[in-house]
Amino acid sequence: PNSFQTTFTPVSKDKNSQTAGHLAGGDTQSSNGPSGQFLARESIESPSKVLLMLVAGLSFSTRLYMITEPPHVCWDETHFGKMGSYYINRTFFFDVHPPLGKMLIGLAGYMSGYDGTFPFIKPGDKYENQNYWGMRGFCATLGSFLPIFAYLIVLELSNSCTAAIIAATLLIFDTGCITISQYILLDPILMFFIMAAVLSMVKFNQQRYRSFSASWWLWLVLTGINLAGALGVKFVGLFVIILVGLNTIWDLWRLLGDMSLSLVDIAKHFLARAFALILLPVILYVTIFAVHFVVLNKSGPGDGFFSSAFQSRLIGNNLHNASMPEYLAFGSTVTIKNLRIAGGYLHSHWHLYPEGVGARQQQVTAYLHKDYNNLWVVHRQQDNNSQSGNPDLVRHGDIVRLEHKETTRNLHSHLHEAPLTKKHFQVTGYGINGTGDANDLWQVEVCGGRKGDPVKVLRSKVRFLHRATGCVLYSSGKTLPKWGWEQIEVTCSPYLKETPSSQWNIEDHINPKLPNISLSVLKPNFLEILLESHIVMFRGNSGLKPKDNEMNSKPWHWPINYQGLRFSGVNATEYRVYLLGNPVVWWINLASLGLYLTMVAVASIATQRGFSLEHSLVLVRGGGLLMLGWLLHYAPFFTMGRILYFHHYFPAMLFSSMLTGLTLDILFRSADLLLHPPYSYWFQRAGQLLLLFSILYSFYLFHPLSYGMTGPLAHEPGSAMADLKWMDSWEF
Amino acid sequence: RWEMLQLPLVVTAQVDLLLVLVSLLAFWTRLSHLNYPNAVVFDEVYYGQFVSLYMKRVFFIDDSGPPLGHMILASGAYLGGFDGNFVWNRIGAEYPSTVNVWSLRLLPALCGALCVPLVYLLTLELKFSHLSALGAAVLLLLENSLIVQSRFMLLESVLIFFVLLAFFSYLRFHNAPSSWLILSGVSCGAAVGVKYMGLFSYLLLLVVASLHTWKLIGDKTISHMNVCVQSVHRVLCLVVVPVLLYVFWFYVHLSFLNRSGPHDQLMSSAFQASLQGGLSRITRGQPLEVAYGSQVTLRSSVSQPIPCWLHSHKVNYPIRYDNGRGSSHQQQVTCYPFKDVNNWWIIKDPGRQQLVVDTPPRPVRHGDVIQLVHGMTSRFLNSHDVAAPMSPHTQEVSGYIDFNVSMPAQNLWRVDISNREAESEVWKTILSEVRLIHVNTSAVLKLSGVSLPDWGFRQLEVVADKLFKAHSSSLEWTVEEHRYGTSQEQKEREAELHSPTHIDVDRKISFWAKFVELQWKMLTVKQEESEHKYSSSPLEWITMETNIAYWLHSSTNAQIHLIGNPVSWGVANLSLLAYQLLAVVYLLRRRRGLKDVPDGVWDQFVCLGCVCVGGWLVNFVPFLLMDKTLFLYHYLPALCYLYLLSPALLEHAHTHLLSSVTHQRALCVGALAVLLSIFLTYRTFCPLTYGSPELSAHQLQGLKWRDTWDILYRRR
């Protein structure tokens, strides 16, 4: 630290130097030149190597210990393990997260000899002889890098081994971080990329005096790659992109104010960053999806979420090399798909609209899955279907009646408000066995067609205009409440603008009287697929609403470690793993957040009044970056409407722990403001030891949370966890 | 301004005639023909019911905002002698002659009119010229949507008034330190008290104030002591005063509304007991301590989905449910949202047979084991390892019937008083929150919140749950009605249950407890959000893609719409864009050391941006994140900030950007032309703003400047 002493001489004596200090900000170090900094780094180099090895060793051993326990499916392994298997089997599926994480899981499984045959049906299923250790081991390995990265980041930000080791210790001995790293989940992969991105960014910031050198480029490009990785695993990666983006803007702003650089230099800096932090990640991200679509070429459970054109790519889908009558005819049985992305099939079922929601007639909805209730029969206005020979084709302008095949009700609309979109009219199923009324008649209109044009299956965009009211059949995309089985609302819109919501296509077409013709459907291009899958993912994400009886975790629960997640086991007889942070670690983190804010407030007011404090720059700059990271990974959850879980907090927790390391270290060192040496030195050592001891001891107490508990629950006598249920809300 | 009274008696007065002129015009546009239409217009139907309740001093909860707004509307009604006897049931209903419509609408209209001079003064405080000030005032004056919103019994104009007043008085203080700061604090408190939306403007003001204070702290020519005093002064005026005021509105609200009313049931029993004529009428004089033999009704502590009481009736669970699962076929136990004789339960000592209270009564304490007997059917409250009808992961709760199928009675319940630290170990009426823990299975009696199907008469399901969240109020029950049972025989007892309860005690609940409960309920009560015919999304507001029909004459085409002045709207958007663009260019160039404008002008420019663009942002962006049903009128506060911005930005461009005289003149001419077209558009839309004169269908068609506007035509 002696190299810093010179930097922080009181500045109040001389007004000019103070303003200069303000303007140049981070450049105060540059007055010493790189050499001074280099010296400082040299002095901490050797113990830091040893400590780094120690951190790595402890980190790997805590994460890989008992990795194969319990030998059954735990919690969300049922999803991500299954999706890993889908990659091995090349089956198409739908998930709300981007594919990289699951691809890596699949790859790890493949490399370690897992054959993709285990069904992952529900948590608790025994793995038997399957090679699941590879997938778990892969996640745990990535998870083991987190404390190492934290160590390096804090070291870089604070130049203090103590701060770095505190941060690493907090993470190594946190039961939550251990548990979440040990299973087949996306979180360790996500956090690996987040931390790697932050580390590369911090390293890159340190290279600022060696612009365009090889190491400068290396860290810059690594930042970009890791950003793509983070976003490729989960959309939460967006938060770290924002963090890096803000840091880059700040950096460019600093460069812009540096009058020694010409505008051309600044443009170079800008272009380099634009390439490495925008263009490169975008290319990588798109590549991930390209691989995803190339690998998954077989029909699977996710087909119905996608458009007809998309489905025709998939081997095994009924639209792949489809063969059906080419033109829609009267008497055909069809499925009708909305053209809105993820719009669903026109659907009805034996349930009525509840009382108070329009007329009490049968529900008509849009449904994303393939189902017999999606089948409709096309009839003429007055049906005398006992006609022989070739059936007539349906043409633009024809009046049709659509009869629901299962329930024999007609598609019907009338002047009642639609259930959700009050500006539209309600659509129902009405009549029986084909007899209905004048409100069952719809006029077929081929978009861009003229009177008399036939309706091409799959290729024509069709609209259905209601004869009596003049409105158009419409899918609003809003999810109906429970009475509508959370399917999508279908309405009749009086606004006749042509939008995909009011356009439909005929997907399946069955008419035994017509010859089947092989249809080579227009293959969608890659960008269309990419866009479509993203829209479907975002819809899926916002559609994850909490269900009844399901525990809904609130963001304010998380930092106080209010409630964990059951990974495995409920009863006393089962092998239980409970995802819960080490309470001592988490509460220290929480207190440190408050402490940090207080210290920053005191330091900045003091600076503003012309006093100068040692460490205040590290506190404001380094701590500020970590604080920003914490905020960015935590605050957005308050505005999210989707269902939230405790494990969403873990990326934020990493930042919080690093901040704790930095804050506590500075607090201990600042003892010399109040105490004289050697007391201040003693205070510092005592504080560090106390911290270390409390973390280790609490880990000793709470380690069964991660490594598994059996026997009675904590509130019962004779439990290994007796007296450790410090909060009533913990469920172990 | 009055300077001083001196001898010889001389009065020196300075009157800004422009200010007087715009004020007069504002009063004329907002206040003329205020009582037309003599019918309920749009949200008057919503606020009106609360005004009526105020007149009758009946307690209510409105989750749309804190009570000050309602109080202001109610005070207008009070001045006009409104007695609260009007049914606010539909838009367009004619007011009877007894209702003084003018006074109902007076206060919002006054606030709306005062916004115009306030904007004038605020521009001056932002250090722009009188001409800019006049421009801003005219923009506000000729904004049709603001006129419509001011002329009815609605709250936006009041909110805008207080927000503008807060900024004006703060800037006045900042420019020349004086006692204006306290007025700023008061206005902030009032703005937040009218609508929660005011909070965002208040936060912006705090940010501006803290930036100024931060500069003050950095000023080393001022002594430490002085800095301390100044900072504390600001904190007192801008933080403490608004918070105290906010609480004060609730104090007035709660002390004024002391009668029970339609929203009682949302509140806790203790709260209800403090209202006149509500629960207190029923429960006055009940015995306080629940004893063995007590007859009680048990109310669930959650009010979601609706408040209800533990209930049973002489109908059994169906042998098989629709999905094929079986039940115990014992008597149903449900939660019923209405008062009913079947809500009565008797507390029995498991060790004794009798159902009457001893003398002296033996109170039930925390940890005691009891049985609960249903008063009318004498069945015991029972639970067992059978899946509940709607929530199969929990246990069924039933009134026990012995069918001799080796399903023994499990009817012991342990009393767990969860607020025993605050209250006492003894089970008390209304005050104690009790959990009933099933002794055999240690499951807890719980309201699941799901309604039963037709066989359960759509009442709410009650279950016993083993896996429960520790602090869930769906597990808590309170005794609401209570009496000591005296009848030995069942017949006698039934008669007793039918008779009303009465005896005498008085219970008080502190203001703070009431305040916290009311505030919490207001923030958490979710009314079912459904789309409204005229609701819109925030992005539609910027381009005014939407309008709201406020009123349509019952027989003619005369109608009132919330439609802004499209030209001013365009000017506002343009200036918003221009400011941002200019700011970016300035910032980048200043960073490279190129100072286009002197520092003083730059500070003025930044201050303008902080207040106006910042004001627009904080009043617009939050709506993008909201799940609520939103309307065009929510955009009006944000719009006012833009009207403040436009003329000031024009002046800035005129003085500092345009160097040649011809350009400056061209700008002036352009500005005049825009003002003229604003006036003409205002005139054009006047019939839709004031509801008269009536237009023909053809003329209305001509006013439909956008396809997405809904203008109503009557077919004749």
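Across the interface of chain A and chain B, nine residue pairs are in polar contact, both residues being at pLDDT 80 or more; a polar contact is a pair of N or O atoms within 3.5 Å, where within protein one must be able to donate a hydrogen and the other to accept it, and residues adjacent in sequence count only if both atoms are side-chain atoms. The model is predicted, so that local features need pLDDT of at least 70 and side-chain atom pairs count only at pLDDT 80 or more, while totals for chains, interfaces and linings use all residues. Residues are numbered from 1 along each chain as its sequence is written, chains are lettered from A in the order in which they are written, and side-chain values use heavy atoms, with hydrogens and water left out.

Zero salt bridges are counted between chain A and chain B, a salt bridge being a side-chain nitrogen of Lys or Arg within 4 Å of a carboxyl oxygen of Asp or Glu. The contact (heavy atoms within 4.5 Å) takes 33 residues from chain A and 30 residues from chain B. The area buried between the two chains is about 2500 Å², and carbon and sulfur atoms give 55% of this area; buried area is the accessible area (1.4 Å probe) that two parts lose on being put together, summed over both.

Nonpolar side chains tend to be buried together in soluble globular proteins. The largest nonpolar core here has 169 residues, and those with the most contacts inside it are Leu346(A), Leu411(A), Phe464(A) and Leu473(A). Such a core is a set of buried Ala, Val, Leu, Ile, Met, Phe, Trp, Tyr and Cys residues joined through side-chain atoms within 4.5 Å; buried means under 20% relative accessible area, exposed over 50%, and partly exposed in between (1.4 Å probe, protein chains only). Leaving aside neighbours within four places in sequence, Leu411(A) is in contact with residues including Leu346(A), Trp376(A), Trp442(A) and Leu473(A). A second, separate core of 156 residues includes Phe42(B), Val101(B), Met522(B) and Leu562(B).

The backbone also deserves attention. Most residues other than glycine have a negative phi, and most peptide bonds are trans. Phe42(B), however, has a positive phi near 40° and is buried, with a relative accessible area of 3%. Met66(A) likewise has a positive phi, near 55°, but is partly exposed at 30% relative accessible area. In chain B, the peptide bond from Tyr36(B) to Pro37(B) is cis, with omega near -5°, and a cis peptide bond with omega about 0° joins Ser692(B) and Pro693(B).
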